[in-house]
Amino acid sequence: MSSLRQAATNRLRAWAMRRHGRDSLPISIQRRRIYLLPTRFGVMLGAILGAMMIAGLNYNSNLALGFAFLMSSMAVVIMHHCNRNLQRLSVDVTPEVDAFAGREATFEFELRNGSNLDRRDIEVRCLSAAGMGNAAAQEGGTIEVIAPVAQRGVTRVHQFELRTRYPFGWFYAWTYVQGLITIYVAPSPAGTKTLPSAGAKGTGTHSEARGDEDFSGLRAYEPGVPLKHMAWKVLARGGEAAVRNYSSLAAQPEWLEWSALEGMDIEARLSQLCLWVLESDSAQRPYGLRLPGREIAPSGGAAHRFACLRALAAFGAGES
Amino acid sequence: MINERVSYEQLLGISGCLALALLAHVTTLPLWVFAIIVACGLTRLWLARSGRGAPPRGVLIAFAALVMPLLFLRFHTFNGLVAGTALLSVTAGLKLLETKTQRDIYIITLIIYFVSLAALLEGDSFWLLAYLIGVCWLTTATLLRATSSGPAPGWRRSLRFGGRVLAQALPLALVFWLLFPRFAAPLWQIPNDSKTAASGLSDTMSPGDITQLALSDEIAFRVRFDSAAPPSQERYWRGPVLDYFDGHTWTRSTSGIGGAPPPLQPQGPAYRYTVMMEPHQHRWLFMLDWPSSWNQPRAELSNDYTLMEPEPLSRPVDVVGTSHTHVQYSEPLKPRTRMRELQQPQSRNPRTQQLAREMRSAHPDDMELVGAVLGMFRQQPFYYTLTPPKLSDNSVDEFLFDTKRGFCGHYASAFAALMRAAGIPARVVTGYQGGTLNPYGNYWILRQSDAHAWTEVWIDGHGWTRIDPTAAIAPERVESGLADAVNADDTLASRWQRKTPWFAGARLRLDMLREIWRERILDFDQDSQRKLLEMLKIPEPDGQKLVMVLGAAMALAFAWLTWQIHRELAPPSKDVTARTYARLCAKLAAAGIARKAHEGAEAYAMRVAQERPDLADTVVALCRHYSSLRYAPPSARITLGQFQAAVRAFRPKPRPRLAR
């Protein structure tokens, strides 16, 4: 039964995909793409309403019949209300999501409700996970969907689903949105090897007593630089945004090399590299990543970290 | 969401709704059923209050196994309306006891809906309907609170929402109700519940057993005459005829029922009228003496001229009939019937038989003898009272010679017994007499207090002749607070009611409303639907046309509903310029280029021009018009009307599909 249902759902999703093509986000949900079915309790309600009508007809009781008709019409009205709960709701999603294998990816869906009606109990389903949220009249709301991701790699989600059972839960209305979400699943950080520089400690000079805190000049601001390195005084004087350069940062960069991990299997190598990226990043020292066919020049900051993690995620997938 | 545990508050709400719905059954269900349900509800609430869940499954099954046989012992079936309701109610109680999750709340809600409907199958008052709709309103609001995720919406909000849903449902429900085809006969035989004690008349009469006649104000039936009503002394509504006498009790003999009624020759005017019967759990219909035609195809006249249905009346019935108040029997009495109508036990009431023989020898003519007996009632100190003394087996003897106090039953019984003893065929007829005119609705009300008994004697050459011996009593001997004797023109109204005329007036007005409710709502049937279609100027209405009209009306109602519900999404903007611009954007969105939330008119026009060069000129011009209407000084504008016309005329073709 459930496999039949699954098959029907898949057919419908594929059909919606063909029918509407790729949607440009944010999208306002139109009535013709909202589907609606009774829930289990809706079917039960239908059976009871049918029994009520037959009882009224059989006993030839006009009052009972009127009551049964009123209840049935109420069900029809509720059906419309359920459909309306999604209609003209605007939805957007962060198109790129970063995650580590074996942990969760967090999707952020942004609802905008331009109408004068509160939208309650809106459920977003994405990658077999779901999140629930509200959007009050003339306001927005954020719904987080947290889905576990097991495999390293770049995953593309082509479709997500908005769904609601409000009000009463007799019916559920849903719609498919064809929005592209790319999930970069970096390898799970693990490994036993220490950073290459730590192993070659004797030869280096940059990590001696002068330490991280030695100020050695200013350089231009770039996104992703830790806030505590910002030259706030320069900015306050009305100058350009600048970053204080420290001698350790300016020092010789760390190269995280694929070739340094000879003899391990691919995923273990990637995991080790991932751990090194995170360690180097938290040590706030410049690092570069060298993978077969891909090289990321040494740098620091959040943008650089993401670039490295995404490169690890995309490794072997022919991804640029 | 479904598997969420219910809170104490949710339980309290749904239990309250169930209790209110069951309250509508308080007169029909046995009290112990209520006791069980209340016990279940209170136990569950107490458990929830102290933070515990439902009792273990074993306890519930054991409890159910205990209660269900009890129900079966009481009703012997689960098929009837009362038994079915009892079963459903107890199930709801048990469900309440085992309520764990929202799932159970849904099921209890469905039971509440059905129990409410069952109450409407039994009762038919406006107030019951209003009450039950109120209960369902409350139930729906409770369900909304229970099924919303996150914090439950407040009571006021939920009730307002429920009320709004009900109001929006009303037009569609009305269309359904008016036009849904009704069946002439039920789909299957309705199980006949052994109802509460039948009120009104029965087919036996033993006045000697009654020491206090309670006069009930309950309405037996209403009558509307097509033209003028017959005078009061001719308004006798014929019920069962009692023709077997054992000296104490008059009974309806079973042998008299079969066979066609003897032919009658009507005399005087014919009266056409409609009797609106209340259900009374007997088979007879009360027609004006003597009925000649009626519109109930299944009803038949018994050979003593009582109209009988094949089944007891369990629901209101309207009978259109014609009667003549004066008739003449054209055939002589058959010897067998004469034998039966003369029968009485020889061993009982010896003094009466002695009196009858004496009077017979003094008055050989039948009508003279009747007059003499009526004269005796008038001249001797006979009293009319509702609290007569109890009589023994020789009831007629005791009444005529000792107590001389009684009501219509005593007089009819004694008179018929005297006639039989004197050799004149006689029988007792029970029914109703008189009635009150409701001037507001121009119909007559016959109450249980109008119940009456009179006699018929066979006069050769004339046939059965109605004699009402109670009418012979002198008015000054009418006792016990009765202002008017039964033969007087008015009903036996209570003293208080006569002292406060406005109360009587209000009562009659209320009854008129009840009568309208009955005629327009309760009796709405295929005939009324045909009249409705005739009013809509549909020629030769039949079932097929009815269904077509229903379809059309439903489509209209649906369209209205859709408009009504979706209108609230975006209330029409007061700003015509903005509205016209919104229409332009909607047209473009339909053509495949929707305006993005951040795009202004100019930027949007540029993007459209890029994506659809064929629309570029028009769209850029239109967007520029919008901008100038919004922001430019008045002199530089095109008029709003021109802008509206241009937008109306704009019909972008949809984007050509790209092959993929």
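1. In this predicted model, the axes of helix H17 (residues 576-590) and helix H20 (residues 640-649), both of chain B, approach within 10 Å and cross at roughly 20 degrees. H17(B) is therefore roughly parallel to H20(B), as angles under 35 degrees count as such. The crossing of the two helices is left-handed.

2. On the H17(B) side, this contact involves Val576(B), Thr577(B), Thr580(B), Arg583(B) and Leu584(B). Their counterparts in H20(B) are Leu640(B), Phe643(B), Gln644(B) and Val647(B). By class, the residues of the contact of H17(B) with H20(B) comprise five nonpolar, three polar and one charged.

3. Regarding the contact between the chains, chain A contributes 44 residues and chain B 45. On the chain B side, two or more residues each come from H5, helix H6 (126-147), helix H7 (155-179), helix H14 (501-522) and helix H16 (543-567). H7(B) supplies the largest share, nine residues. The side of chain B that touches chain A consists of 35 nonpolar, eight polar and two charged residues.

4. The largest nonpolar core contains 122 residues. Those with the most contacts inside this core are Ala64(A), Phe67(A), Ala68(A) and Leu312(A), together with Leu117(B). Helix H5 (residues 102-122) of chain B provides the largest share of this core, 13 residues.

5. Neighbours within four places in sequence being set aside, Ala68(A) contacts Leu49(A), Met52(A), Met53(A) and Gly56(A), as well as Leu117(B). A second, separate core has 66 residues, among them Val241(B), Phe399(B), Trp444(B) and Ile445(B).

Methods: Residues numbered from 1 in each chain as written. Chains lettered and ligands numbered in written order. Predicted model: local features only at pLDDT ≥ 70, side-chain atom pairs only at ≥ 80, totals over all residues. Core = buried A, V, L, I, M, F, W, Y, C linked by C-beta atoms within 7 Å. Buried ≥ 20, exposed ≤ 12 C-beta atoms within 10 Å, placed from the backbone. Helix = DSSP H or I, 4+ residues; strand = E, 2+ residues; numbered from the N terminus. Contact = placed C-beta atoms within 7 Å. Axes fitted to C-alpha atoms, helices over the stretch in contact; angles between N-to-C directions. Parallel < 35°, antiparallel > 145°, perpendicular 65-115°, else oblique. Left-handed = near helix turned anticlockwise from the far one by under 90°. Nonpolar A, V, L, I, M, F, W, Y, C, P; charged D, E, K, R; others polar.
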